[in-house]
Amino acid sequence: MKTITAIEKEITDEFEIFDEWTEKYQYIIELGQKLPALAEKFKIEENKIKGCQSSVWLNSYEKNGNIYFEADSDSTFVKGEIALLIRVLSGQNPDDIVKTNLKFINDIGLRQHIAVTRANGLSQMIKQMKLYALAYQNS
Amino acid sequence: MITKNISIANLVDNYIERLRKDFPILSQKAYNKPLIYFDNAATSQKPQVVIDALTKYYSEYNANIHRGVHYLSQKASQAFDDVRIKAQKFINAKTEREIIFTRGTTESINLVASSYGRKNISAGDEIIISAMEHHSNIVPWQMLCEEKNATLKVIPMNDEGELLIDEFEKLLSPKTKFISVVHISNSLGTINPVKKIIQIVRKQSLSLGEGRGEVYIPVMLDGAQSAVHFPVDVQDLDCDFFAFSGHKMFGPTGVGCLFGKLDLLEAMPPYQGGGEMIYSVSFEKTTYNEVPFKFEAGTPNIADVIAFGTAFDYIQSLDRKKIFEYEHELMQYATDELKKIDGIKLIGTAKEKASIVSFIIEGVNALDAGMYLDTLGIAVRTGHHCTEPVMKRFNISGTIRASFLFYNTKEEIDAMIEGVKQAIKLLR
């Protein structure tokens, strides 16, 4: 398993080829469209993170001391963001998840598009992932 | 019909083109594409004269007002006081004393709920609002009702987004103590028949008194969306309170007005305590200043009020009839073009509509579509537009909203339509 930092670096490098917001948007949409749907049984109220304009369902489980995430959203763009987060955080050690500050969101220029809108609950999603990690860490 | 539309467009073309140049921000690019600004219901752009008024105040006569004996303070006080008269004329209030400066529509409504409401609403009373209110015209009344054990009643609407006036009449009862209704819905664009609503209330004032003689039920209008689109005459409407914001009508953010009938304002307790609102203070007793100062505690937002004054001047200098027709034309054009796209559903199809178009795209998330339009440099708004009950009424989670002002063009709408088609291809 690659480290969080290493995966973040990969993503940042991938995004380097995009000059324009429209290209980044289309790439994230593509990632969203490819993300496997979350099983219906996990789309329950307890797993729901309510953003201002979209909903996210986040499920997590532990295997061999690492934490795995799977998630879904009614917005394809948000699903794309989820795909990136899962790629970085899923399968990692709880300690590392709790500690990381996820630099890549800033580096790929995504923050400006999501911070202003409070729209899609990305920061809520990260917070929730860290909370799960914290819970596993303490259990 | 088509020929007529084109002729109106041609008529105003040159005029509009000239006016558009008043707004420096509109010549900007977004992501290297010409900026198309369709988020006017959230906030309008500012003409250069308004921007200049702010700079001029700070660079030439910034001073605190009303108590300074010196040159700068006199100059600033004069400019500030003049705006009250401009606001009075803008909505045709009887006297400038009926104008209170606030932070905006939201604060204006809160002021009335807090001051008039605390004094006059008691347990068992009813307050009527409508099904298409902005959260700003719901929550202050809900807070008041909770505090006083009063009840909030809601005028329902039909599938077009029009209020059901018959149902409204049924809601009126001897328990009704206050009515607050939005003039133009920010999420549906409906222009409500507020004059008719007020007439109904006035006509029933005798019967609602139940033998106790006439009762007076004040009616408040949320004018956040209406002030910019057409002339408002508070005397003709006979409304008791009218709230509006500067930033939605070419003025700065953080400033707005509350109009209130003088006798009502005079009978109301102060809203906040502090400087300016007092006549005399001692530790035993404070006496309050007269209306409107009673409601303007603390140093006001001097710079923005003064620039708001310039916004009044700017609007008054326009051919408002021509502009209203043109904005209506833009709304109609966008509506017609959107209807041609498969899977588009318009939310808010009232007969009387302002230049606000709300829609959903079947199989496409509104946020995704809005963000796609953003990549093209087109600014629309997505979501519930602070009207969650409206979304619930239509059983949707949000809409894409394009709202137009006179500086927008049909070419820009064409670009949006093209964008919507592309978004569908990409996202559905």
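Let's start at Gly377(B): this residue follows helix H12 of chain B, and its phi is positive, near 85 degrees. Before going on, the ground rules. This is a predicted model, where local features need pLDDT of at least 70, side-chain atom pairs count only at pLDDT 80 or more, and totals for chains, interfaces and linings use all residues. Residues are numbered from 1 along each chain as its sequence is written, with chains lettered from A and ligands numbered from 1 in the order in which they are written. Helices (H or I, at least four residues) and strands (E, at least two) are DSSP runs, numbered from the N terminus.

Back to H12(B), residues 366-375. 10 of its 10 residues are buried. Buried means 20 or more other C-beta atoms within 10 Å of a residue's own, and exposed means 12 or fewer, with C-beta atoms placed from the backbone. The buried set includes Asp368(B) and Asp374(B).

Now H7(B), residues 194-203. Which of its residues are buried? Val194(B), Ile197(B), Ile198(B) and Val201(B). They lie on the same side of H7(B), because their arc around the axis is only 95 degrees; the arc is taken over directions from the helix axis to the C-beta atoms. Lys196(B) and Lys203(B) are exposed, on the face turned away from that buried side. Helix H6 and strand S7 of chain B are among the elements covering the buried residues.

Last, the contact between chains. Chain A gives 14 residues, chain B 12. Contact means C-beta atoms, placed from the backbone, within 7 Å. On chain A, H2 (21-34) and H3 (76-89) each supply at least two residues. H2(A) has the largest share, four residues.

Methods. Two residues are in contact if their C-beta atoms, placed from the backbone, lie within 7 Å.
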